Amino acid sequence: LAPGDLSPAHVMIRVNEALYGNIHRGMFITMLYLVVNRENRQMRIASAGHLPLFHWSARTGEHQKIDPPGPALAIRSPDKFTAAISETVVALEPGDLLALTTDGVTEAFNRQREQFGDERLILYFIEKARLAAEEIKEGLVKALSSFAEGAEQSDDITLVLLKVKET
């Protein structure tokens, strides 16, 4: 549904049209969809009820959560979904870090039934943001394992990292 369309919101609208009424009642899908233009270093992003994208600026050292409005897929009729979804454009600079996780990361539990949480995850990304993506990933896997103290994993743990190439 995406070829030839650089608008994440337009693609999400088509995905919702395909899913609405075609999956089991009470089910829904969250999704974050982004298109990165490497030439002009811009990212277009739309969200269908997914966790925000973490963006750390290498130039300023500041971070933000990018969370364009949009409902989960397959729960709203096509016209209502279209009216509710939007996309955001973000300028990217060399060294920037983008991180997308599923709630299995923030909701990972330890033996005391405490969650890893948003704050701990954000602090981790800020501390490690200047490292290579592979090092950030490996470190987060270790941090989650250490935090869990052997507690059983209760959800999927998914991480997508993007580092903007230094010039």
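Predicted model: local features only at pLDDT ≥ 70, side-chain atom pairs only at ≥ 80, totals over all residues.
A residue counts as exposed when its relative accessible area is over 50%, as buried when that area is under 20%, and as partly exposed in between. With 61%, Arg59 is therefore exposed.

**Nonpolar cores**

- The largest nonpolar core has 18 residues, and the ones touching the most other members are Phe54, Leu97, Phe116, Phe125 and Leu140.
- Strands β3 (53–56) and β6 (97–101) each put in at least two residues, and so do helices α4 (117–128) and α5 (133–148).
- There's also a second, separate core: 12 residues, including Val15, Ala46, Ala74 and Ile85.
- As general background, nonpolar side chains tend to be buried together in soluble globular proteins.

**The three-stranded sheet**

- Here you'll find an open sheet of 3 strands, in the order β1-β2-β5, with antiparallel pairing.
- β1 (31–37) and β5 (87–91) are the edge strands; each has a single partner, so one side of each has no neighbour in the sheet.
- On average, neighbouring strands in this sheet are turned by 20° against each other, ignoring direction.
- Strand β2 (residues 42–48) runs antiparallel to β5, and 5 bridges join the two.

**Salt bridges**

- Searching the whole structure turns up 5 salt bridges.
- One of them joins the side chains of Glu93 and Arg59, at 2.8 Å from N to O.
- That pair links distant parts of the chain, 34 residues apart: Glu93 is in the loop between β5 and β6, while Arg59 is in the loop between β3 and β4 (63–66).
- Glu93 has 26% relative accessibility, so this residue counts as partly exposed, whereas Arg59 is exposed.
- Lys137 and Glu134 also meet through their side chains, at 3.1 Å from N to O.
- Both sit in helix α5, and because they are 3 residues apart, about one helical turn separates them.
- Lys137 is partly exposed at 35%, and Glu134 is partly exposed at 44%.
- Lys128 forms a salt bridge with Glu127, with 3.1 Å between the closest N and O atoms.
- In that pair, Lys128 is partly exposed at 24%, but Glu127 is exposed at 60%.

Terms used: Residues numbered from 1 in each chain as written. Heavy atoms only, no water. Core = buried A, V, L, I, M, F, W, Y, C linked by side-chain atoms within 4.5 Å. Buried < 20%, exposed > 50% of the residue type's maximum accessible area, 1.4 Å probe, protein only. Helix = DSSP H or I, 4+ residues; strand = E, 2+ residues; numbered from the N terminus. Pairing = 2+ DSSP bridges. Axes fitted to C-alpha atoms, helices over the stretch in contact; angles between N-to-C directions. Salt bridge = Lys/Arg side-chain N within 4 Å of Asp/Glu carboxyl O.
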